[in-house]
Amino acid sequence: MDDPVGRRPAAGRGPAEEGHIETVGRIDYKPRRYGHPREHPPNDSDGTRAIRYVPARPRLEGLVDLSRPRAEDGREPMVRRGRRQRGTGHAGGRSKALWTLGDQVLSSATNALIAFTVARQVSASQFGAFSIAFALFALIIGFSRAASTAPMGMKYADASPGIFRAATAAATGTALVLGIIAGGCLVAVGTVLGATVGLTVVAMGLVMPGLLLQDAWRYVFIAQGKPVKAAVNDAVWTVIQLGGVFVLCQHGVHSSATFVLVWGAAAAVAAVGGAVQAGCRPAPRRSREWITCHREAAGYLSAEYITVQGAQQGSTLLIGVFGTELAVGALRGVQTLLGPTTILAVGIISFAVPEFSRRREMPARARMRSATMLSCLVVGAGVLWGVLFLFVPDRVGIALLGDTWAQTRGILGLTIIQQAGAAATVGPACMLYALGQPKITFRVHCVLAPALFVFPVAGLACWDLRGAVVGYIAAFWLTVPLWFVLLRRAAYQAEASSRGRAGSPSGAVAPATAQHPGKADDLPGDSSAGRHRRGGRRMRQIS
């Protein structure tokens, strides 16, 4: 005797991935222009029964196709997109841009605060040790963003709430796992090094999981189009950090490692608050699944961060080895002074990538103009800000950076030119990320990375610290034309592909024939089923 409910897996996948099909009564599948398929009561005598799709929980395997403009067979990818969010017009975009920039200001302010405080409270050698530990942190957090949160802005900016929630849990879980692994490695390395540098590196390793997780929540909220939540989370971090730093200063603490512990502990508290804001917890067990699903994008972005940041931070470490710790402290000091330029650049990238990724039909000329305007904005703001410090009295510089100010002022003018070269690449980089072209950006960075590693060290040997900065200038400015050439090619290819899709016949997408009786939020986030609204909720044909 047959089961009262027959089941079979959806085509090409198992029940755990795509749900299953239940037979509940016969349906007339004759196509109709309006309304729903004509239903008949169950009739077990003739063996004919209707089918109903019973969805499973969203799985990440189907999310990998969200960024593809069309499927392998040339059809539009059958994915469920979320509704267009409110405030995506001019006023809404401007509001989100301002909140994103404000959040970046808060995030960077915490980093600048700890740098200024350590510079004033500790000796020059202690600040050099802090700079080495912070260089390691900058390298690790770049890798974490590439592997965990970068796909959120590139692929899930307009995904449905169910898909975005599943992606959020996996992305933040990945960041937490990376923080634990990297933190353990730093503790081991710091223990071997010993002395002041080793103790500071150990402190950085202990707080690394909280730092990476808090940063992941920020990028999740920005990709979701809710930068207000990111700003609130960073405000919590800032308030807690201010209280901790005040206590340390009142007790006359002069250890850079202690300041790092307080800074990271405040980030850990903010990370817990991020989970409360999002309404979901990180899923560390899904980290492997997340990286596997996004191995192409995450692979290129991770390699990009490893090569560029590794080369830049590696050259900084070599400057400390072949030069002095004071030279590393001077480089860190000038980076702190010009920090607002970096704040503006990172804020623009955080806002622009998800926003322009939603505008897939944008013409190539408009993309080129937007990229140029973004670069000019960051370059102009950075130059104006840096020039102000050229006229700052020495007493102000000493109040900001302490003993490090003497060497910092000597390389300030050259560093302004260096930062302008890096800022000029912001526009084309944003557009290429929004187009889902990490492979192209990786190729550019493969040219930039060797230059960042070799030129500064060679300049140090020829002309001390100023020569090292000249090496950085040459490395950044030599790649600026390459960025715009590759962006122009990618933008026109995307425009041609968009026109091809617009001119394709409407029958390229499989028709919707089976009625879905459930709620909208019950649909799985996979690439084999989509939803259309026309007097009811329907699904594309399941073959």
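A: A salt bridge is counted where a side-chain nitrogen of Lys or Arg lies within 4 Å of a carboxyl oxygen of Asp or Glu. Keep in mind that this is a predicted model.

Q: How many salt bridges does a search of the whole structure find?

A: The search of the whole structure finds six salt bridges. One of them joins R145 to D215, with the closest N and O atoms 2.8 Å apart. This pair links distant parts of the chain, since R145 sits in helix α3 (residues 124-155) and D215 in helix α5 (residues 195-223), 70 residues apart.

Q: Are R145 and D215 buried or exposed?

A: A residue counts as buried when its relative accessible area is under 20%, and both R145 and D215 are buried.

Q: Which residues are linked with R145 and D215 in a network of salt bridges?

A: The network of salt bridges also takes in D103, R218 and D234, which are linked with R145 and D215.

Q: Which side chain does R286 meet in a salt bridge?

A: R286 meets the side chain of E289, at 3.2 Å from N to O, and R286 and E289 are both buried.

Q: What does the salt bridge between R409 and D394 tie together?

A: The closest N and O atoms of R409 and D394 are 2.7 Å apart. R409 belongs to helix α14 (residues 405-410) and D394 to helix α13 (residues 394-401), so the pair ties together parts that are 15 residues apart in sequence. R409 counts as partly exposed because its relative accessibility is 32%, and D394, with a relative accessible area of 42%, is partly exposed as well.

Q: Which residues line the second largest cavity?

A: The second largest cavity is lined by K96, T100, I222, G225, P227, F351, P354, E355 and R358. Helices α2 (90-121) and α11 (339-358) each supply at least two residues of this lining, and the largest share, four residues, comes from α11.

Terms used: Residues are numbered from 1 along each chain as its sequence is written. This is a predicted model: local features need pLDDT of at least 70, side-chain atom pairs count only at pLDDT 80 or more; totals for chains, interfaces and linings use all residues. Side-chain values use heavy atoms; hydrogens and water are left out. On a 1 Å grid over the protein atoms alone, a cavity is a set of points where a 1.4 Å probe fits but cannot get out, and a pocket is an open set with protein on both sides within 12 Å along at least five of seven lines; lining residues have an atom within 4 Å of a point. Buried means under 20% relative accessible area, exposed over 50%, partly exposed in between (1.4 Å probe, protein chains only).
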